[in-house]
Each structure stands twice: as C-alpha cells, then as structure tokens.
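Please keep the structure in view while going through the points.

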Amino acid sequence: MNKLFSKKIANTKRQLELDLARGLAIFFMILVHVQGNYSLITLQKSSFGFIIDILGGILTAPVFMLVLGVGIIFSKKSEPKLLLKKGLIIFCLGYLLNLLREVIPNYLFWKITRDYEYFTYGVESFILVDIFQFAGLALIFFGIMKYFNIKKNIIIILMFLLPFIHIFLKSFKFENYFISAITGLFSGSSNISYFPFLIWIFYPLAGYIWGYYLIRSNNKKIFYIYNMIISFVIQITILVLSQIIGFEIGNNSNEFSYFHHNIFANILYASFVIFWISLLYFLSKILPKIVNNTITRWSKHVSEIYFIHWLIIGWILLIVGENTLKLEGFFTLSIIILIASDLLAYIYLIIKKIIVDKLDVIQNNKP
C-alpha cells in the first residue's frame, strides 16, 4: 500500500477520467431534464424512462458534486478567499437563473394569457433551491474549512455527521413559502428545496477525501482497480442490507426521494460514482480521440452549459407544453438542446475572453 501512495503529490495533470465523468453527466442531465419536462407520462414510466432516470440521477448531480470536491484538491486556485468569492458568485447565479428561466417567461405568458397561475408559479420559482445554490454553499464551506485548516479526519467526520443532522431537521416544516426557501438551503424542508446542503455536501466532501489519495497515487491503474472492487462491494452490501434489515435507501415517501435521500443513499451513490470514474479511466484508453475531446469540452464548460440548457428548456417549455413528446421527439429535442447549449457556451466564452483581454489592455495602458 505504501508503494501505491506517495507522501507527496504524484499526479498534477488534468485527469481525463474526471472530465469524461463530468462531461457525460452533462449529456445524461440534458436527457433527464428533457424527459421530465417534455416527455409523455407513459414514456417516463416505461423501462426506457426508468433507465434515463437512473442515468440522470446517480450519474449527474452526484458526479458534479463529487468531482467538485476532487477539483479543490487538484486546483491551484483553492485559497479560502477565492473559494468564498467563487461560491458567492455561483450562489447568486442560481437565483439569476431562476429569474431568467422561470420568472420572466411565466410573467410574459401571464400578460398574454391572463392566466394567474403563470404569475404565481413565476414568483414562487424565483426562490427555488437548485444545484447552483448548493454548489455555491459548498464552495463557501470549503473556503471556511481551508481558512481554519480543518484536517482530513475532521472532514471525514463531517461527511457523515451532516447528513445525520439532516434526519432531525427534515421534520421541521414551515408554511411560509419564503421561510421554507431559506431553511430549504440547508435541509429538505419543502418541495422547493432540490439540493439541501446537509444531504448533498456528502459528495463534495467524499470527493475531497478521495481526491487526496488520487493525487498521491503512484499507480493509477492499480488505484482504480482497487476502487472498482471496493466500491462494488460497498454497493452490494448497501443493497443487500436494505433488503435484509429493511431500511430505506432513499426517502420514498414522496416524489423528492432523489433530492431528499439519506446517508445510505449517499454512500450508495458515491460508491457508484467512484466505480463509474474508475471504469472511465480504462475506457478512456480505447475511446477515439474526438470522443474524449468532445466530452472533455463539455466538462470544461459545465457551468455555462448548465445555465444555458435550463434557459432553453424554460422558454421552449411554454411553447411546446409539458409532457407532450413521444420517443422520437424526446431524442430530437435532447440533441438540439445539447448542441445549442454547447455552441452557445463556446461562443459566450470566446466573447468573454475578448472583453476581458480588452479590459486588461485598457487597465495596463492607464498612466
């Protein structure tokens, strides 16, 4: 085991398997979001719909958040101040996205149709707790941990402790919509809280601990073989125990079972993600270069594609209507949204770079 890990950092380059995992998560995310918003209910409840739900569940948000934690280990820009600043920006972007994808289009449709439900839904949607809000809080949390130099053993304790705290807090519900939006940032106190901090922080913390060993691995091939074996055993153990003892893996009492799951699901999903990343390490050796490059581009543009694809879905939904597409329509729209989001993200980043470069020139030419 001493030969497997170095006391010093052994891997400093960008890890292709992490990019593949995050890039494919973009693809699966678009599939599941198109299905949830546009596909016929019968299609969603079919075997095909179940597969899309699995891909768009375990291999999307848990992947994004686990890789976020790994990224902090590998990043050269993980100082507390930078993490706090980035976290605050992403947190605010979450509410900007709610405004652009939900509030404005629903307001316009209310003005056109005079159907007050559009207005009500639009106003309420502004305070939805989505993954941007959680990611922002997670980065702020890491910034605080970095500032106080929290040790690895304490991080492991927090990784398991915080989801357990959620068990006691999730029963606190508030009738006031705006209060529940604030509490929903931290616990699953309402159905407007999709990514409560206390449950989902498990994945970035797990990624941080896992990344600590990945970056010190002397032999990635052996490292990933061990990961596949251990993570597979953990998954089987959790699934078997859930049947024998009878504990729930998630919270199956409502439709938010995925978003408000428990510590057992945390462990199951995280182990599956690690198995998946390990598998992608070996697949990356045989995939065509163009495939690796394309998926890696999606990974590098993850925040931009996420933001843009929701804007497209939010606006088109009011035109196409909910749950109206058959299988062929689902595939067609999914591909269109993927290509459009990828292209627009690329154009946005080019324009952003031009503007930043010009501002730098102006700043440097000042007397």
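1. Pro-62, Val-63, Leu-66 and Val-67 of helix H4 meet Tyr-269, Ala-270, Val-273, Ile-274 and Ile-277 of helix H13, where contact means heavy atoms within 4.5 Å. The residues of this contact comprise nine nonpolar, no polar and no charged; Ala, Val, Leu, Ile, Met, Phe, Trp, Tyr, Cys and Pro count as nonpolar, Asp, Glu, Lys and Arg as charged, and the others, Gly among them, as polar.

2. The model is predicted: local features need pLDDT of at least 70 and side-chain atom pairs pLDDT 80 or more, while totals for chains, interfaces and linings use all residues. Residues are numbered from 1 along each chain as its sequence is written, and side-chain values use heavy atoms, leaving out hydrogens and water.

3. H4 spans residues 61-74 and H13 residues 263-283; their axes lie 10 Å apart at an angle of about 75°. The two helices are therefore roughly perpendicular, a term covering 65 to 115 degrees.

4. Is Gln-35 buried or exposed? At 1% relative accessibility, Gln-35 counts as buried (under 20% relative accessible area, with a 1.4 Å probe and protein chains only). Gln-35 belongs to helix H1, residues 16-38. Beyond its neighbours within four places in sequence, Gln-35 is in contact with residues including Phe-48, Asn-323 and Phe-330.

5. The largest nonpolar core has 100 residues; such a core is a set of buried Ala, Val, Leu, Ile, Met, Phe, Trp, Tyr and Cys residues joined through side-chain atoms within 4.5 Å. H1 gives the most to this core, with 13 residues. Among the residues with the most contacts inside the core are Ile-26, Leu-66 and Ile-277.

Technical notes: Axes fitted to C-alpha atoms, helices over the stretch in contact; angles between N-to-C directions. Helix = DSSP H or I, 4+ residues; strand = E, 2+ residues; numbered from the N terminus. Parallel < 35°, antiparallel > 145°, perpendicular 65-115°, else oblique. Buried < 20%, exposed > 50% of the residue type's maximum accessible area, 1.4 Å probe, protein only.
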